[in-house]
Amino acid sequence: MTVNSRSAAPARGNAAGATPRRARGEGQWALGHREPLNANERSKKDDNPLNVRARIENIYAHRGFASIDPADLRGRFRWYGLYTQRRPGIDGGRTAVLEPEELDDEYFMLRVRIDGGQLDLAQLRAVAHVSQAYSRDTADVTDRQNVQMHWIEIENVPAIWRELEAVGLSTTEACGDSPRVILGSPLAGVAAEEVLDATPVIDEINKRYIGDPSLSNLPRKFKSSIGWLPDLPYESNDISYVGVVHPEHGPGFDLWVGGGLSTNPMLAKRLGVWVPLEEAAEVWLGVISIFRDYGYRRLRSRARLKFLMADWGPERFREVLETEYLHRKLIDGPAPELPKRPHDHIGAHKQKDGLYYVGVAPIAGRVSGTTLASLADIAEAHGSGRVRTTPYQKLIVLDVPEDRVESLIEALRGIGLEARPSSWRRSTMACTGIEFCKLAIVETKAKAAQLVEELEKRLADIDVDISVNINGCPNACARTQVGDIGLKGQLVPGPNGEMVEGFQVHLGGGLALAEGQEAGFGRKLRGLKTTSEDLVDYVERLGRRYAGARQEGE
Ligand code: SF4
């Protein structure tokens with residue numbers, strides 16, 4: 001293979017269409033650009049980020065926070081799910097102007113990856129215990145099915161790893177420019193509509209490739225979503241598999257590549273191929289390898305796979321995947337069929353084996369170690385041994401006998417986990433926000449709780465199902481662009497002209513989760529802003545107006 005056959009985006013002509021300009025180097029390894037072009041790339045080249053684990057165990061955990069090399073602290077620690085949390089009391093107006101060390105607290109956020117969102121009770125209890133013992137009882141279910149904790153001290157990290165790893169959990173590559181947690185359908189293996197359970201693919205990728213040093217220096221993060229049911233936000237991942245039945249070859253997966261939200265949102269593109277279950281891990285490896293080799297490493301703001309996809313297009317991406325990485329042709333495949341209604345993760349629903357799953361809605365994913373420990377006890381007392389996290393910040397108890405469902409719902413209600421929530425409680429998500437996140441401009445989790453509790457009172461008489469995605473900054477961790485109401489945290493003019501916490505509002509975004517739905521980003525109009533203070537009133541007005549003006553069936 002010659003390097004020329006792996007050429008980058010075609011050079012574009014100048015405005016007059018005369019002499020073509022030379023394509024600017026984007027730092028693509030496959031084109032011979034091995035010299036780091038920014039500080040992050042240099043740090044990764046200086047030392048494989050996975051090597052930081054030994055330093056944490058052998059040095060930093062013994063000598064304390066002050067002993068940590070800044071390049072590890074603000075760089076390589078992420079490969080083990082560790083970020084310094086925001087020093088309390090720093091307002092959002094100072095986020096962009098302070099130096100990183102001024103924002104750093106001496107405590108960490110720790111992200112535990114829960115691939116496929118699947119937990120048995122021993123795992124759930126281990127997460128609960130780590131939260132209670134080491135993180136001041138904090139625990140948030142994230143919209144990528146992880147659990148995040150706060151207030152972690154470096155001295156306790158090795159003990160936490162031992163406890164999590166004893167039950168098969170890990171924090172490896174939970175953050176960083178690496179293959180992050182793999183989203184899986186929360187109903188994998190139990191939904192009546194599922195033809196093929198994708199869990200073996202998630203397990204195989206996890207076993208073979210997570211923590212593999214050859215995949216730990218990617219241009220940026222790499223997000224995967226693998227499930228038969230389209231009940232995941234599959235269009236906003238770097239790679240997604242969605243189940244499809246091929247007319248000749250039977251059940252397999254449709255492959256999507258190059259989605260991502262953040263500041264330049266793009267939806268993933270179908271490559272038009274059908275991938276059987278047993279080849280899905282190999283094809284995943286091909287896609288992530290293209291990202292590693294051809295991904296742009298010059299600017300971090302242009303490094304996600306979506307930018308390469310935008311330049312190449314799905315046809316070229318497929319061709320490179322087939323010819324250079326798989327060395328064979330893939331089978332053409334049909335698009336997946338969407339269900340008549342989106343799959344419901346909340347409430348009690350019958351599984352294919354006759355047992356029931358019961359989904360509950362903590363507000364914006366906020367729980368605690370104590371709640372998770374009680375959840376494990378309650379699940380066990382009702383005959384269940386499995387719990388799932390969802391990419392909508394919810395929790396599901398599986399395998400409940402029909403005659404125990406009502407008792408389970410009551411018991412969960414007693415610990416604040418509601419199986420029959422209002423539509424606001426069901427459909428509101430929030431990212432970490434200013435409480436702990438160093439990039440945040442505004443507060444989010446407490447705002448979500450206030451919003452839900454108020455709207456439950458104010459709009460109790462109105463039946464509307466409106467999703468609200470609250471984000472503390474433009475990074476869109478809680479998927480700003482695909483909520484009915486997407487809120488992007490920023491400073492906005494207050495009543496007296498001073499700048500205060502508020503949100504840019506995006507309206508009408510959504511993903512294609514059922515027939516007739518089309519994925520699209522919410523409309524962002526210049527004047528569509530609200531202060532945090534006014535948010536509840538603002539959403540109430542929107543809810544009332546929508547309820548009054550909606551069409552039949554909307
Ligand atoms: Fe932090 Fe911004 Fe992500 Fe929220 S959206 S968690 S504030 S980076």
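The structure holds zero disulfides, a disulfide being a pair of cysteine sulfur atoms within 2.5 Å. A disulfide is a covalent bond between the sulfur atoms of two cysteines. The model is predicted: local features need pLDDT of at least 70, side-chain atom pairs count only at pLDDT 80 or more, and totals for chains, interfaces and linings use all residues. Residues are numbered from 1 along each chain as its sequence is written, and side-chain values use heavy atoms, without hydrogens and water.

- Cys175 is in no disulfide, and the nearest cysteine sulfur, that of Cys477, is 10 Å away.
- Cys175 is buried, with a relative accessible area of 0%, whereas Cys437 is partly exposed at 26%.
- Buried means under 20% relative accessible area, exposed over 50%, and partly exposed in between (1.4 Å probe, protein chains only).

**Ligand surroundings**
- Among the residues around the ligand are Cys431, Cys437, Cys473 and Cys477; such a residue has a heavy atom within 4 Å of the molecule.
- The shell around the ligand divides into seven nonpolar, four polar and no charged residues.
- Ala, Val, Leu, Ile, Met, Phe, Trp, Tyr, Cys and Pro count as nonpolar, Asp, Glu, Lys and Arg as charged, and the others, Gly among them, as polar.

**The sheet**
- Five strands form an open sheet in the order E1-E2-E5-E4-E14, with antiparallel pairing.
- Strands (E, at least two residues) are DSSP runs, numbered from the N terminus, and two of them pair if DSSP finds at least two bridges between them.
- Strand E1 (82-86) and strand E14 (366-368) are the edge strands, each pairing on one side only.
- Strand E4 (residues 138-141) is joined to strand E5 (residues 147-152) by two bridges, and Asp140 has Gln148 in E5 as its bridge partner.

Note on methods
Helices (H or I, at least four residues) and strands (E, at least two) are DSSP runs, numbered from the N terminus.
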